[in-house]
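Welcome! Here are some notes to read alongside the structure, one topic at a time.

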Amino acid sequence: EVPKWIGWLGDCRKILESFESRTVPTPLILREHLPKLVKGNTLTLSSPSPYVPASVVETHTFAEAKSVSVKFDGSCHMPPNSTITLSGGGVTRVLKGLLGGTEAPTDSSLGIHVNDLVSPGKDWKWGRVHDKDEPPVGTVTAVTKWKDEANKGVRVKWESGCERLYRHNYKGKYDLKVVGENDKSTKPIVLPGDTVVMTIDVGSEGDDKDKGQGEGAIDWLGAYRFEPGVQFTIPYKEEEEFNANFSFSFWFRPPQDLAGSSSIFSRKVNMDGMPLIQFDILLSDGGRAWNLVMGNAEMGHGLYLNGSGVKVGMWNHLALTMDGNGAKVYLNGFDAARGSFEGTRMGAPMGGDLAVGGDFAGYVWNLKAWNRSLSEAEVKIESDGTVEGSTGIFRCLFAKEGGEGDPGRWMMGSGIWDAGVQGVVDTERAGKKDFEWRCVMVPSLGVDSVGPEEMEKLKAEYCVVSLKHDEALVRYANEICVKKMLDTASILRVGWEDISPVKEDLTRSPLLRDLSVQEGASEEGRLRPILARWKVIQLFNRTLHSALSYIDLSSDGEGSLAKLLSKNRRLIFRSLKLPIWEAALRATENPSDSMFELRINRNRASKNIRNYLTDTQGRWSCFGQAFRQMHSIAPSLLRRDNQLYNTTFMGERAHDAGGPYRETYCEYASEMQSSALPLFLPSPNGRHSIGLNRDAWVPNPDTSGGSTRLDMYSFVGKIFGITVRSQDYLSLTLPSIVWKVLCGEEVGIDDLEAIDVSFVKSMESIRRIDAEGVNEENFGDIIFETFETLRSDDEKVELVEGGSLRDVTFSNRHEYTDLAVKFRLHEFDDMLEAMRRGFACIVPQRQLCLFTWEEVSQMVVGSPTIDVALLKSATEYSGCSPDDKHVKFFWQALKEFNQEERAAFLRFTWSRTRLPLNKEGFSQRFKLQSCHLSPPDDYYPVAHTCFFSLELPAYSTLEITKDKLRYAVYNCMAIDGDDTEVGIAAGAMGWDDDE
């Protein structure tokens, strides 16, 4: 048996390929569409009456079927000598005297079945079961438990008559082997090919066959199939006016798709020229409910009864008895409803034929009438067989005996109808309805079964939008997971109606709006594209959830599944990849809690920065001092999620309990995005105040720094990796062109436009200048470029050797723009590769191929948006409460602060400028403490960064709260002195260090 994970991997590949080709994925067809196709082609067959006919030969063909499974259900009860023969594709299966059902194909994994023939197997240890020389053969009587393990025990009855229990795949042990099957085997029936021939031979019924009330016993030939418009009329006779005591009963089988309300058996009488209903039995609710209507002589309703419980697609028995004005209806032998007739009972002095059918679709059989009221016991017997000795008015079997158009065959009980019908004496079959069969034939269909027209319909339903729309859907789903705290299992199954976007969501995502808003479409029409794509995306992620642990993510060869996944990483739910990522982080983590010492002289760094110096060799900046002390440490020692080092701020009386450690990362980030370090520059868009990412910084393309400069970039990558593990986020703003290299995403023209829109538009205008009417003759009058371009630091470089002397012409303009774009896309390659190497030695690289650049960026820098509600949810109170007036002032002040002020507040209280992404990410709670200084309005709040706490005076107004808080966060950034031995020693260091 092929392992399931092989199929999961194959399905993942097919769905991924369909995303790129914009075709309907094969697994979706197999899972979503083919079941409907199979259901539409499934046949439910059963005895054409409650009694089995003498023989049946039927051929059923299922177009494009690879095989057909046949399952008989548990209601089958055939005569002992009967046979059911099924043939197809060269395979024949014979069932003799079938009692009960056969197993479904899904049950076949057991490998052994009731009525299989078995002999001792490879692990037999139970001695001899008979004295013959040949191996014993027994019959399986049950598949049961062995030592409380289901389906691991097999009960066998041997030829000698003894019956015992044996092991079957219990801890890999097999006491038995299957050597054949007898004609009573219940094993699944699967016939190859598209055609099934079924032959049923009832055989001899034994002693019951000749029991009857008269001579001339006949075989049953099948019930009559009524279609709408076909009506069988029984001419009026005054002996059958049904205005005294009477009973009638019949068998009927409605189809599974019966529509509307339809009459089975009725009589309409003519009174003064008006047709009135004497009685009418109808079906409604798709054939599942019945109604009885009887009119009275006053031209009104005399009786109306109704009920449910009709079994569609199966035989039902219905009986009505009238005793005076009391009416009872029985369904399948049980009392279903009763009532009293109101008014005068209506006779039929003006005539009125009995009518069977008309607008009914289905089978009717054995309609019988009596001129007396049957007892409940007689009705019960009638529903099981027949009332022996009954001398009813008539009986009509509707058996097809003649040729085409012959509506049926009449059989008379009391001989009342002698004229105009075939004179066949009625003979009742004795006993209960013992003999019946029912089966379902299910074709196995493949994708080939879906025709071209149907495939086009599917494509129109599932492939109407672009890959970008799919990515927008996944991005929205990831946001919803965070907002609604949905786990992986939930997002894989949740219906779109439970997470559908609101107006604000559509405003933020034009692509999502494209999917959800279509002018003039109905609600169903507007939802169809988004529902279809959501179904595909969920199917892909469910399949990937099963397969992900079996995929070798290190295989990046063209055509590999890992490469395909990496290319389509934006289609993967974030909740699917996070467990894989977190497991990889744990597996590569250094379990040690020991810290090394790191000395930072912030006074020295600050002095040089104030003098506008740049630390080109990484010696005096805070970043440079850390680089000199940490870069040579083995990377494995830096792979920790807790505090790596104990910080000594030289010349400052700080004892590191966490605050100084976090403060170092604030210093590193601040210096990276400044002239203090030669590593990053403001983006061209920022310098020119145009386009996106005006606040972003890009690597410095200047390569004059040599190996030391590249080592500093590598150290930047290590810092990134350390922050990913510890979640001490860096306050950095870097563009996609940086993050994509770190996680292996392909860089394109959009990434270049995101940092230098002027350059991209300039190149586009030169390429398409012919559309503006410029040609080879006048090109030189407009464009004065040579084969040179400006780097991101505004330094000019040649694109080819001697490029400064080679003019751009109309004919070579494409070559020029291609070279310029290529250069700008790769101008940071050396720096980014060094950063990637540093990053890769701290965090696992294989799993990064699953994450988008936005997700990797968030791992390093967190979210720049400081959510006050999130901070409030992670707050505990000491000496005050959330209901205190001054506490309410505090939270309102933070809400009114802008993002820059909130970041300053975080650095003031916690030595970091970014919040964790969720409540669970807080390593320590924010503690809001009371401050009893008086008068409170004269004092500023006091922060303890090591403990993420704030002592808040009880300010009297909101305005005072905002003023005091704003002043403190901007003007009280120095770390308070600690009067500990370590703090005092740190304060004495570094004052004379001018190196």
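**Notes on the model**

1. A search of the whole structure turns up 4 cavities of 30 Å³ or more. A cavity here is a set of points, on a 1 Å grid over the protein atoms alone, where a 1.4 Å probe fits but cannot get out, and lining residues have an atom within 4 Å of a point. Grid points are joined across faces, edges and corners, and a volume is the space filled by probe spheres set on the points.

2. Before going further, please keep in mind that this is a predicted model, in which local features need pLDDT of at least 70 and side-chain atom pairs count only at pLDDT 80 or more, while totals for chains, interfaces and linings use all residues. Residues are numbered from 1 along each chain as its sequence is written, and side-chain values use heavy atoms, with hydrogens and water left out.

3. The second largest cavity has a volume of about 40 Å³. Its lining consists of I866, D867, V868, L871, L894, R902 and F905. The elements giving two or more residues to this lining are α23 (868–873) and α25 (899–910). By class, the lining has 5 nonpolar, no polar and 2 charged residues; Ala, Val, Leu, Ile, Met, Phe, Trp, Tyr, Cys and Pro count as nonpolar, Asp, Glu, Lys and Arg as charged, and the others, Gly among them, as polar.

4. For the overall picture, the protein has 27 helices and 38 strands. These are DSSP runs numbered from the N terminus: helices are H or I with at least four residues, strands E with at least two. Of the 995 residues, 49% count as buried, meaning under 20% relative accessible area (1.4 Å probe, protein chains only).

5. Now look at helix α20 (residues 813–826). In α20, the buried residues are R813, Y816, T817, A820, V821, R824 and L825. They sit on the same side of α20 because they cover an arc of only 160° around the axis, the arc being that of the directions from the helix axis to the C-beta atoms. Among the elements covering them are α15 (684–688), α19 (757–767) and α21 (829–840).

6. What about helix α14 (residues 659–672)? Here 13 of the 14 residues are buried, so α14 is largely enclosed by the rest of the structure.

7. Finally, find V494 in the loop between α6 (488–493) and α7 (503–508). V494 counts as buried because its relative accessibility is 15%. Leaving out residues up to four places away in sequence, V494 touches I499, W534 and Q538, where contact means heavy atoms within 4.5 Å. V494 and Q538 are 44 residues apart in sequence and 9.0 Å apart in space, C-alpha to C-alpha.

Methods. Buried means under 20% relative accessible area, exposed over 50%, partly exposed in between (1.4 Å probe, protein chains only). On a 1 Å grid over the protein atoms alone, a cavity is a set of points where a 1.4 Å probe fits but cannot get out, and a pocket is an open set with protein on both sides within 12 Å along at least five of seven lines; lining residues have an atom within 4 Å of a point.
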